[in-house]
There are 2 protein chains.
Amino acid sequence: MSFQSKEPADRMALFERRCRERGLAMTVQRRVVLEVVLARGDHPTAEQIYEDVKLRIPDISRTTVYRVLDTLVDIGVIGKPSHFGAATRYEPNVHRHHHLICIECGRVSDVEDDETVADIEPLMRKQAGDFAVLDYSIHFHGVCSACAAQARRGDI
Amino acid sequence: MSFQSKEPADRMALFERRCRERGLAMTVQRRVVLEVVLARGDHPTAEQIYEDVKLRIPDISRTTVYRVLDTLVDIGVIGKPSHFGAATRYEPNVHRHHHLICIECGRVSDVEDDETVADIEPLMRKQAGDFAVLDYSIHFHGVCSACAAQARRGDI
DNA sequence: GTGGGTGCAAAAGGTTTGCATAGTG
DNA sequence: CACTATGCAAACCTTTTGCACCCAC
C-alpha cells in the first residue's frame with residue numbers, strides 16, 4: 001500500500017511522472033484542474049471545479065473538465081469517493097448494514113452488521129471529535145465470486 | 001435500534017401502520033412500488049423499479065415512482081444506500097480514508113484511516129466469504145459541529 | 001366532498017458523445 | 001508533423017416541478 005503525499009508539489013511531480021509513463025500530454029488544462037482539486041480541502045463536484053478553473057482559464061469548456069477529471073482519477077493523482085453510480089438506488093434493508101461492491105460488474109450486495117457493531121462502536125466514538133456520529137456504513141470494494149470465476153476462465 | 005423484519009408481509013404491515021399514523025393514503029401505486037422493491041433482492045435504481053411496476057400498473061408514470069420511492073424512504077419502509085448526492089465528487093486524497101457526512105448541511109470531510117485499519121482488517125477477511133475484499137471505505141453519518149452549534153442556538 | 005396523490009409535459013441538473021480544431025511531444 | 005487533447009453543440013440520462021384531474025379517506 002503506497003502512501004501518496006498530499007503536498008501539492010509532490011502530487012504535481014507524481015502527475016508529471018504518470019503522464020510521461022503513459023504518454024499523456026501535460027496540458028495547461030490538466031495541470032490547472034489538478035491544482036484546483038489539490039487547493040480545495042473539500043470534495044468538490046465537477047461544476048465547482050469548473051468554476052475555479054475558469055478563473056484561471058476563462059475559455060475552458062465544461063467537457064474538458066469532465067474529461068480531465070476522469071483522466072486524473074485513472075492515473076491515480078486524485079480520488080473519487082465511492083459511489084454506486086449515477087442513479088439513486090433503493091433497497092429493502094432498513095437497518096444498519098454494509099455493502100459489497102464488485103469493481104468488475106458493479107453489483108452491490110448486503111452484509112449484515114451483527115456483531116461487527118461491537119468492533120466499530122469505539123471507532124465511532126473516536127472518530128467523532130466535534131462531529132456527532134449517528135450511524136455509519138461500510139463500502140467493501142472487491143471482486144465478486146462470479147467475476148473471479150470468469151477471470152479464472154481467462155475471460156479477464 | 002429497532003430491527004425491522006425483512007419479510008414482505010411484515011413490511012407491508014409496517015407500511016400500513018406508518019401510513020395510518022401519518023395520514024398518508026394507501027394507494028395501489030405505493031403498495032406495488034413497495035412490493036416490487038421487497039421482491040428484488042438487489043439494489044434497484046428508480047428506472048428498474050419503474051420497469052417492474054409497469055408490468056402490474058402499465059399506466060403508472062415515472063414521476064409517481066420517484067415520488068413514491070421518496071415517500072417510502074421517508075416513512076422508513078425501504079432504504080436508500082448512503083450517497084453523496086447527485087453529482088460525482090472528487091478529492092485530493094488517494095489513499096485509504098473515510099468520510100464524515102453531515103446529514104444537515106451535506107458537507108463531507110475526511111477521516112484518516114491510520115491505526116483504524118487494524119480494527120477492520122479481520123472484518124475484511126471475515127466479510128469476504130466468496131467475495132474478495134480489496135479495500136473499504138466507511139461513511140460516518142452525523143451532525144457536524146457547525147450544524148450542531150446552529151441547532152443549539154435554536155435555529156434548528 | 002375534500003385534500004392529498006397521480007399523470008403529463010416541460011424543465012432542470014449532470015454527464016457523455018461526435019466532430020472539427022488546436023496544441024503537445 | 002502526427003497524434004492527442006480540447007471546445008462546441010447536441011444528445012442523453014436522471015430527477016424535479018407546475019398544474020389539472022382523480023381517488024382514498
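Predicted model: local features only at pLDDT ≥ 70, side-chain atom pairs only at ≥ 80, totals over all residues.
**Ground rules.** I number residues from 1 along each chain as its sequence is written, and I letter chains from A and number ligands from 1 in the order in which they are written. Local features need pLDDT of at least 70, side-chain atom pairs count only at pLDDT 80 or more, and totals for chains, interfaces and linings use all residues; side-chain values use heavy atoms, with hydrogens and water left out.

**Contact.** I looked up the interface first. I found 70 residues of chain B in contact with 72 residues of chain A (heavy atoms within 4.5 Å). The two chains bury about 6200 Å² between them, and 64% of that is on carbon and sulfur atoms. Buried area here is the accessible area (1.4 Å probe) that two parts lose on being put together, summed over both. I noted B:His43, B:Tyr90 and B:Phe131, which supply 14% of the area that chain B buries against chain A, more than any other three residues.

How many salt bridges cross the interface of chain B and chain A? I got zero by the rule, which asks for a side-chain nitrogen of Lys or Arg within 4 Å of a carboxyl oxygen of Asp or Glu. I did get 25 residue pairs in polar contact across the interface, both at pLDDT 80 or more. A polar contact is a pair of N or O atoms within 3.5 Å; within protein, one must be able to donate a hydrogen and the other to accept it, and residues adjacent in sequence count only if both atoms are side-chain atoms.

**Which elements.** I use DSSP runs: helices (H or I, at least four residues) and strands (E, at least two), numbered from the N terminus. S3(B) gives the largest share of the side of chain B that touches chain A, twelve residues.

**Strand to strand.** I then followed strand S3 (residues 132–143) of chain A. Eleven bridges join it to S3(B), and the two run antiparallel; strands pair if DSSP finds at least two bridges between them. I saw A:His141 opposite B:Asp135.

**Symmetry.** I superposed the copies by least squares on the C-alpha atoms of residues with pLDDT of at least 70 in both. A rotation of 180° with 0.0 Å of shift along its axis puts chain B on chain A, RMSD 0.2 Å. That is the relation of a two-fold axis. B:Ile138 comes closest to the axis of the residues of chain B, at 2.2 Å (C-alpha).
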